[in-house]
Amino acid sequence: MTTVENNINHLADNLSTEENGMNDEISDNQFPENVHIMKTNNQLRELHTLLRDRTTCRNDFKFYADRLIRLTVEAALDQLPYVPYDVITPTGNCFQGLRHEKGTLCISLMRSGEAMEKGIRECCRSIRIGKILINEGHVIYAKLPSDVNRRRLLVAYPVITTGSTVLTGLEVLIKEYQCKQSNMILITLFSTPDGLKHICELYPDLTIVISEINIVAPNHFGQKYFGTD
């Protein structure tokens, strides 16, 4: 094999590594225990693939994105507190079950966070949704219930790169609305390792649920979902 061929192969390997990112190497034990990375399976990997494929049309993109959002929201709901709840079945038997404590609120970090509202409403039909609009580190608009500091919060934002938007939203909730980190669950689809670590360092009591950590985050997500690409 010639030197030129060796260099080409080396370049191809580097490009392949960059595209695949670090997902296969990253596990829960590389992050604090409050970071819950969804277990990769064939279905999840296919959705990650289709959402990155530049040939995926917008209608299909929204369909696959909504599926992934729903799966991630379901995983996040498992982190809510549950209490014992007994019911009587149609056959008259007692079933000792569970139900989650009421009072959960969704906080959508606009605009990308609005893409996740549909999936959250499908899982929590009557949930209230507050909104925070952030642009370049500044809060432009916030509409939240007056009792937000007494609620469990699902903070929705689909893609984290540097983490600046999420950090601004969390700062507003904690400093201006006196919300507790321990009462918040950040739901995100994709994040870079650095962005996620930065959030964990500043907010160590925050629970995070994520479908994938990768050095190459699909930053086109919001534009493709809303058709502004």
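**View 1. A lysine over a tyrosine ring.** The charged end of K62 lies over the ring of Y225, 5.0 Å from the ring centre. The model shown here is predicted. Y225 is buried, at 6% relative accessibility.

**View 2. The aromatic cluster.** F61, F221, Y225 and F226 make up one aromatic cluster. The structure holds 4 aromatic pairs. In one of them, F221 and Y225 are stacked, with 6.0 Å from centre to centre and 15° between the planes. Both residues belong to helix 7 and lie 4 residues apart, about one turn of the helix. Y225 and F226 have ring planes at 75° and centres 5.3 Å apart, so this pair is edge-to-face.

**View 3. The largest nonpolar core.** This core has 32 residues, and L51 and F221 touch the most other members. Helix 3 (58-77) is one of the elements that supply at least two residues. Its share, 8 residues, is the largest. F221 is buried, with a relative accessible area of 1%. Beyond its neighbours within four places in sequence, F221 contacts several residues, including L51, F61, I69 and L189. A second, separate core holds 30 residues, among them L105, C179, L206 and I208.

View 4. The structure has 0 disulfides. C106 is buried, at 0% relative accessible area. C57 is partly exposed, at 38%.

Methods: Residues are numbered from 1 along each chain as its sequence is written. This is a predicted model: local features need pLDDT of at least 70, side-chain atom pairs count only at pLDDT 80 or more; totals for chains, interfaces and linings use all residues. Side-chain values use heavy atoms; hydrogens and water are left out. A disulfide is a pair of cysteine sulfur atoms within 2.5 Å. Buried means under 20% relative accessible area, exposed over 50%, partly exposed in between (1.4 Å probe, protein chains only). A nonpolar core is a set of buried Ala, Val, Leu, Ile, Met, Phe, Trp, Tyr and Cys residues joined through side-chain atoms within 4.5 Å. Contact means heavy atoms within 4.5 Å. Rings of Phe, Tyr and Trp (its six-membered ring) pair if their centres lie within 6.5 Å; planes under 30 degrees apart count as stacked, over 60 as edge-to-face and the rest as tilted. A charge sits over a ring if NZ of Lys or CZ of Arg is within 6 Å of the ring centre and within 35 degrees of the ring normal.
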